[in-house]
Amino acid sequence: MKKIPPFTLVALCASAFSLHAQEPKPAKHLGYQDTPLIPGTQWHVHDGERPQPRVITPGEASTQDKPGAAPSDAVVLMDGKDLSKWRSGKDEACKWKLEEGAAVVGGGDIHTADNFGPDFQLHVEWAEPTPAKGESQGRGNSGVFLFGRYEIQVLDCYENQTYPDGQTGAIYTQKPPLVNACRPPGQWQTYDILCEGPHFNSDGTVAKKMILTVLHNGVVVQNHTEVTGETPHKQVGKYHAHPEQGPIRLQDHGNPVRFRNLWIRELKKSDET
Ligand code: MG
């Protein structure tokens, strides 16, 4: 009998294991139906018939040298190849330029062509200009506006102080970040933003304020923060009723901040069971 090379055997075993791991098991073998009901649900404790969560492929984390990959169910907003998902002004082609896979601020604010909301997870990466120029609000200023109107500040606050409610990771005008987690200018930094969008009554009053959780470079800087309104300069912002979906806007504040690897996942009620 012909001998099978050891490598082939390993490959066959790995393949068999992989196939087996993907086979769904009948629900009745997964859990229990003779346990108490979980209050407020139709499901028993450890109920095997409770719907299984959707299977997705998670992304890959970025490094300083290379942007990562988005989760399989994300909408990729900026992948370094083109800026087709972005617009300048009312509905013009995006004026920002791509340089070495990153979009460089210049030519006014840009916004997504599509609208998102009310609830979503947004991933953003940016790098501050180097060498650093200017001070306080004049150093590497940009911003991520949710629904086109609520700004999470982007600023170079590495060895650069400014008013706390205008720091990197601040909900501008309202809430400073819990800590200053800035990296030096030139290095890639990340925001991971969990947004529960605001809801409005039919008469335009606020039914539910927006809630934001923000991680800056993996560190929590906004922890389930209630947003008190819009984020204008030198004013207390109010809410103005708007649709439950809106664009993501990136700010041109006159500094050549770079952006890369933006993606968004809408958080769907249908995923909740
Ligand atoms: Mg700004």
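Ala, Val, Leu, Ile, Met, Phe, Trp, Tyr, Cys and Pro are counted here as nonpolar, Asp, Glu, Lys and Arg as charged, and the others, Gly among them, as polar. On this basis, the lining of the second largest pocket in the predicted model comprises 4 nonpolar, 7 polar and 4 charged residues. The volume of the second largest pocket is about 190 Å³. Its lining is formed by 15 residues, of which Ala-61, Ser-62, His-123, Glu-125 and Thr-190 are the closest to the centre. At least two lining residues of this pocket are supplied by each of β7 (119-127), β10 (188-196) and β16.

Two or more lining residues are given by β1 (75-78) and by β16 (258-266), and β16 provides the largest share, 3 residues. By residue class, the lining of the largest pocket divides into 7 nonpolar, 5 polar and 7 charged.

Strand β9 (residues 150-154) is mostly covered, with 5 of its 5 residues buried. Tyr-150, Ile-152 and Val-154 point one way from β9, whereas Glu-151 and Gln-153 point the other way. Strand β9 pairs with β8 (residues 142-146) in the antiparallel sense over 5 bridges, and Tyr-150 in β9 is the bridge partner of Leu-146. The hairpin of β8 and β9 has 3 residues between the strands, and Phe-147 in this hairpin adopts a positive phi near 55°.

Notes
Residues numbered from 1 in each chain as written. Predicted model: local features only at pLDDT ≥ 70, side-chain atom pairs only at ≥ 80, totals over all residues. Heavy atoms only, no water. Buried < 20%, exposed > 50% of the residue type's maximum accessible area, 1.4 Å probe, protein only. Helix = DSSP H or I, 4+ residues; strand = E, 2+ residues; numbered from the N terminus. Pairing = 2+ DSSP bridges. 1 Å grid on protein atoms, 1.4 Å probe; cavity = no way out; pocket = protein on both sides within 12 Å on 5 of 7 lines; lining within 4 Å. Points joined across faces, edges and corners; volume = space filled by probe spheres on them.
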